[in-house]
Amino acid sequence: MDSQESSRLTAPLAHRVAEDADSHQIAAAINALWTDIEAALQPIVGSRGVAALFKRTLHLAAARHPWLAPLKPGNDDAVDLGQLTALFTAQQPALAREAGSALFEIFRELLATLIGTPLSERLLQTAWSNSSRAAPAQDPKS
Amino acid sequence: MTSKVTINSLSTGVPGLDDLLGGGLPEFSFNLIAGQPGCGKTTLAHQIMFSLATEARPALYFTVLGEPPLKMLRYQQQFAFFNHDAINRSVRFVNLCDEAMAGDLDRVLARITEEVAAHEPALVFVDSFRSVVLATQGDGNTHNHLQRFMQQLGMLMTSWQATTFLIGEYFTDSDANPVFTVADGLIWLRQSVQRNAMVRKMEIMKMRGQPSLPGLHAFRITEDGVKIFVPAANSLISAPPYAIDDRASMGVPGLDEMMNGGLPRGYSLLLAGPSGSGKSILAAAFLNAGVRNGETGVIAAFERRPNRAHNKELAQNIEQGRIGVVESDAADVSIEEVMHLLAQEIRRLKASRVVIDSLSGFELALGPSFKDDFRESLLRLVAALTGLGATVVMTSELEDRYTDLRFSPYGTAFMTDAIIVQRYIEVESRLRRVMAVVKVRDSAHSDELREYSVDDSGIRIGTLLADQEGLLGGRPATRHRTVPAIEA
């Protein structure tokens, strides 16, 4: 059950990036996915609520990937997506992919801890479905 | 030619609330759910929303400041009414935190208007409204702004055909708050703490065009959500009256004869006696006699150490589902709640016999704030139970006083149709028991004081102590007989 749910959530990033994608493409996909998540959650929990969740996610992710640490700003504003993109672009593709997946996995767990898996899935449905729609365009094999 | 507009009533899905509102919630009404923090406002709002919202009748839930939405979702999903599948389908949450933080009511209103136009909800909730008010304070003209905001919001919602709920924290209902004037409905939730018990009560202070029930009504929040205990008489239908010769056997040989054939059906009987006189045994015999006759019964047990385990027949009947048990271990139970539980069991089992054992235990189980109204509530309870067609036996602890003849400490004697009293007497240095039928309304009955004994098989009614007198004084004297001299 857990692995199934987990794959459903990490899948969006995998869908958005081709297997041979470079760091730029991976960073762009992470940026796009985060934008979709923000769009899905922001009406419900407010922009500050989303920013707070993302900051917590980054804090947890930075434990394994210290190069994410500069993204932990102390102010109330939303996370700087430009900086996020730049940080991922600077990594090797394999590392960028792994860290990106970890980021969304941590986010999934965080939200599920707070409001339960079924409700988090429900709220993020649009973000995931956006990614699956976007998949063919991102997939060079189709 | 006058053709009045029909105001549809929405069934709120909150047990008891429709009765309290006087028949549901008027469609397109503008309502305020108010009360102190933690009294269940948001829970009530969510329960109404999940119950009413459908894809054809969607709901918009605006969260303003106050409780963070994630926390609200975290806690509200614990309730049975919370439906994940409804979210983003028939139920949509909208956060207005940014607009409210700016302290500009016009921006809040503009955003609400925008969302209402986009989603065309039939139900709109604004939680919490109090924070909208607080956010605007400090610019000197709060009252006017708020008044204008309220009127515009009210107008907007009505013309968009939305039934609206504002949820707000208000500490006093005497606030000259413009919200109270504009609102069609005012649902006030209160909670009072006395000793170690907390009691929640709901009051419909206003419901335009509806005969809502006045006064405070107890409610409880369980995992199913809010449940309101409306006064029994308002929610029950009276059963047709029985003929006076339609009798229920008491299950004790000899006692039916003393009552001219048993307890008339639909009657309430008060069984009063001192501790250990066998009241619970007699009450159990009454229920068991019903089961032997193919009837079902319900027992409300408030005795601290119920002796049901010792009464094999009763225990068996309970186990086989012929007798339902109503128990409450909460420290803040109300008579209405017990009535609700009893009515539920009576309907479920189609029960014709009800026992409340005992009134003394019942009173102890009540929340402190309910004790003041014990007599009045009990009268309503008895009327409601007999109204359901049940024949009722209530036991009552009777302090043995040999100077006066009392039947109950509550003045309950007048409200019951029949009374049996049990007493201890001393005869020849032995404690013996006597029983008498004191009253059976509109019926002949025995006037004898009969001795009885309690053994493994139950109560046995013995003979008349014809040679004794002054029994009720506790120290009877023997008549027509010389007392044998003890001393030589």
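This is a predicted model: local features need pLDDT of at least 70, side-chain atom pairs count only at pLDDT 80 or more; totals for chains, interfaces and linings use all residues.
Chain B holds 16 helices and 24 strands. Of its 488 residues, 47% count as buried. Its contacts also reach across the sequence: among those in chain B with a separation of 6 or more, 72% are between residues 24 or more positions apart.

Let us look at the sheet. Nine strands of chain B form an open sheet with mixed pairing, in the order S16-S15-S17-S18-S14-S19-S20-S21-S22. Which strands lie at its edges? They are strand S16, residues 323-326, and strand S22, residues 458-464, of chain B, and each pairs on one side only. On average, and with direction ignored, neighbouring strands of this sheet are turned by 25 degrees against each other.

Within this sheet, I would draw your attention to one pair. Strand S14 of chain B, residues 268-273, runs parallel to strand S19 of chain B, residues 418-427, and four bridges join the two. One residue pair to find on the screen is B:Leu269, whose bridge partner in S19(B) is B:Ala418. Helix H16(B) packs on the sheet, where it touches S14, strand S17 (353-357) and strand S18 (391-397) of chain B. The direction of H16(B) makes about 150 degrees with that of S18(B).

H16(B) also has a helical partner. Helix H13 of chain B, residues 335-349, and helix H16 of chain B, residues 374-387, have axes that come within 10 Å and cross at roughly 15 degrees. With that angle, H13(B) is roughly parallel to H16(B). The crossing of H13(B) past H16(B) is right-handed. On the H13(B) side, the residues in contact are B:Ile335, B:Met339 and B:Leu342, and they meet B:Ser377, B:Leu378, B:Leu381, B:Ala384 and B:Leu385 in H16(B). Sorted by class, this contact of H13(B) with H16(B) comprises seven nonpolar residues, one polar residue and no charged ones.

We now move to another part of chain B, strand S6, residues 123-127. Is this strand mostly covered or uncovered? It is mostly covered, as five of its five residues are buried. The burial applies to both faces of S6(B), with B:Leu123, B:Phe125 and B:Asp127 on one side and B:Val124 and B:Val126 on the other. S6(B) runs parallel to strand S4 of chain B, residues 59-63, and five bridges join them. There, B:Ala59 has B:Leu123 in S6(B) as its bridge partner. Five bridges also join S6(B) to strand S7 of chain B, residues 163-169, again with the two strands parallel.

A loop residue deserves a brief mention. B:Ser443 sits in the loop between strand S20 (430-440) and strand S21 (450-455) of chain B. B:Ser443 is partly exposed, with 19 other C-beta atoms within 10 Å. Beyond its neighbours within four places in sequence, B:Ser443 is in contact with B:Ile244, B:Asn260 and B:Pro264. From B:Ser443 to B:Ala122 the distance is 59 Å, C-alpha to C-alpha, and the two are 321 residues apart in sequence.

Next, chain A. Helix H2 of chain A, residues 23-62, and helix H4 of chain A, residues 93-115, pack at an angle of about 20 degrees, and their axes are 9 Å apart. H2(A) and H4(A) are therefore roughly parallel to each other. Their crossing is left-handed. Residues from H2(A) in this contact include A:Ile26, A:Ile30, A:Leu53 and A:Leu60, while those from H4(A) include A:Ala96, A:Leu103, A:Phe107 and A:Leu110. The residues of the contact of H2(A) with H4(A) divide into 17 nonpolar, three polar and two charged.

Finally, how many residues of chain B are in contact with chain A? There are 14, and they touch 15 residues of chain A. On the side of chain B that touches chain A, helix H3 (69-76), strand S5 (91-95) and helix H4 (97-101) of chain B each supply at least two residues. H3(B) gives the most to that side, with four residues. By class, the residues of the side of chain B that touches chain A are eight nonpolar, four polar and two charged.

Thank you for your attention.

Note on methods
Residues are numbered from 1 along each chain as its sequence is written. Chains are lettered from A and ligands numbered from 1 in the order in which they are written. Axes are lines fitted to C-alpha atoms, for helices over the stretch in contact, and angles run from 0 to 180 degrees between N-to-C directions. Angles under 35 degrees count as roughly parallel, over 145 as roughly antiparallel, 65 to 115 as roughly perpendicular and the rest as oblique. A crossing is left-handed if the near helix is turned anticlockwise from the far one by less than a right angle, and right-handed if clockwise. Two residues are in contact if their C-beta atoms, placed from the backbone, lie within 7 Å. Ala, Val, Leu, Ile, Met, Phe, Trp, Tyr, Cys and Pro count as nonpolar, Asp, Glu, Lys and Arg as charged, and the others, Gly among them, as polar. Two strands pair if DSSP finds at least two bridges between them. A residue is buried if 20 or more other C-beta atoms lie within 10 Å of its own, exposed if 12 or fewer, and partly exposed in between; C-beta atoms are placed from the backbone.
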